[in-house]
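User: I would like to learn how to read strand pairing and helix packing from a set of coordinates. Could you take me through them on an example?

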Amino acid sequence: MHELSLVAEILRLAEQHALEQGAMRVREIRLEVGVLSGVEPSLLKRAFEALSMGSQAEGAELIFEAKGLLLACKACQKETEAKELSMRCPNCGSLQTRVLAGEDLLLKTIVLEA
Ligand SMILES: [Zn+2]
């Protein structure tokens, strides 16, 4: 399952961070979820609860920030945030666009508890 491997990676990073900082617990993990990432926050949360059990990240709060679709247009050379899930340039209507952001799941911050 997609979510499980993502969560495993998030957990690994959070635990590594806690270890480096000498913290006992992970309190909060903030994630940026691109609209095209295919990540379902509720599934991710459930997977996280299951996988983090017994780890330093058990009970940590997951915070999701939605990231819109950012397109770069070849026709008008503009970078625009798309209002809807479409590859069409919101500025000139061209389809010669490239996705700059909105496809990824990013780990933004990890808050630790000493
Ligand atoms: Zn354009």
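User: How many bridges join strand β1 to β6?

Analyst: Strands here are DSSP runs of E with at least two residues, helices are runs of H or I with at least four, and both are numbered from the N terminus; two strands pair if DSSP finds at least two bridges between them. In this case eight bridges join β1 (residues 25-34) to β6, and the two run antiparallel, with isoleucine 29 standing opposite isoleucine 110 in β6. The model is a predicted one, in which local features need pLDDT of at least 70 and side-chain atom pairs count only at pLDDT 80 or more, while totals for chains, interfaces and linings use all residues. Residues are numbered from 1 along each chain as its sequence is written.

User: What order do the strands of the open sheet have?

Analyst: The order is β2-β1-β6, three strands with mixed pairing. β2 (61-67) and β6 (105-113) each have a single partner strand, so one side of each is left without a neighbour in the sheet.

User: How should I read the packing of α1 and α2?

Analyst: Two packed helices are described by the angle between their axes and the distance between the axes. Axes are lines fitted to C-alpha atoms, for helices over the stretch in contact, and angles run from 0 to 180 degrees between N-to-C directions. Here the axes of α1 (residues 2-21) and α2 (residues 41-51) come within 9 Å and cross at roughly 55°. The two helices are therefore oblique to each other, given that angles under 35 degrees count as roughly parallel, over 145 as roughly antiparallel, 65 to 115 as roughly perpendicular and the rest as oblique.
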